[in-house]
Amino acid sequence: VQLQASGGGLVQAGGSLRLSCAASGSIFSINDMGWYRQAPGKQRELVAAITRVGSTNYADSVKGRFTISRDNAKNTVYLQMNSLKFEDTAVYYCNAVVRVNIISSPRDYWGQGTLVTVSS
């Protein structure tokens, strides 16, 4: 299973970016999908997560600014980021909890990370 993230880049404060992450490979089903981020010198933290049926969870710092969504037919998760702040600067990683066949247990897979830089 591979997760390919895209959409990062440089944006001014107040701007917007949309991240995408597509899962491919031997996939039987995907449970939760999510986005995490890690800023320099800090631990990786959850940004947003979404269940297969669309229930969402957000970090307090991004509520009202970021929106997570997914397309189950495409095995893809998105993160729409609006009103970006300098403190949103980080490497963003996508995550998916995947079962590779009907008898396997779900396990975590990670994308390679995409850098988001917000200039103040």
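Strand 7 and strand 8 (residues 76-81) pair in the antiparallel sense over 6 bridges, where two strands count as paired if DSSP finds at least two bridges between them, and strands are DSSP runs (E, at least two residues), numbered from the N terminus, as helices are (H or I, at least four). This is a predicted model in which local features need pLDDT of at least 70 and side-chain atom pairs count only at pLDDT 80 or more, while totals for chains, interfaces and linings use all residues. Residues are numbered from 1 along each chain as its sequence is written, and side-chain values use heavy atoms, with hydrogens and water left out.

**Sheet**
- Within the pairing of these strands, isoleucine 68 stands opposite leucine 79 of strand 8.
- An open sheet is formed by 4 strands in the order 1-3-8-7, with antiparallel pairing, and its edge strands, each pairing on one side only, are strand 1 (2-6) and strand 7 (66-71).

**Disulfide**
- A search of the whole structure finds 1 disulfide, a term for a pair of cysteine sulfur atoms within 2.5 Å.
- The disulfide is formed by cysteine 21 and cysteine 94, whose sulfur atoms lie 2.0 Å apart, and the pair links distant parts of the chain, with cysteine 21 in strand 3 (residues 17-24) and cysteine 94 in strand 9 (residues 90-99), 73 residues apart.
- The torsion about the S-S bond of cysteine 21 and cysteine 94 is about 50 degrees, so the disulfide is right-handed.
- Cysteine 21 is buried, with a relative accessible area of 1%, and cysteine 94 is buried at 0%, where buried means under 20% relative accessible area, exposed over 50% and partly exposed in between (1.4 Å probe, protein chains only).
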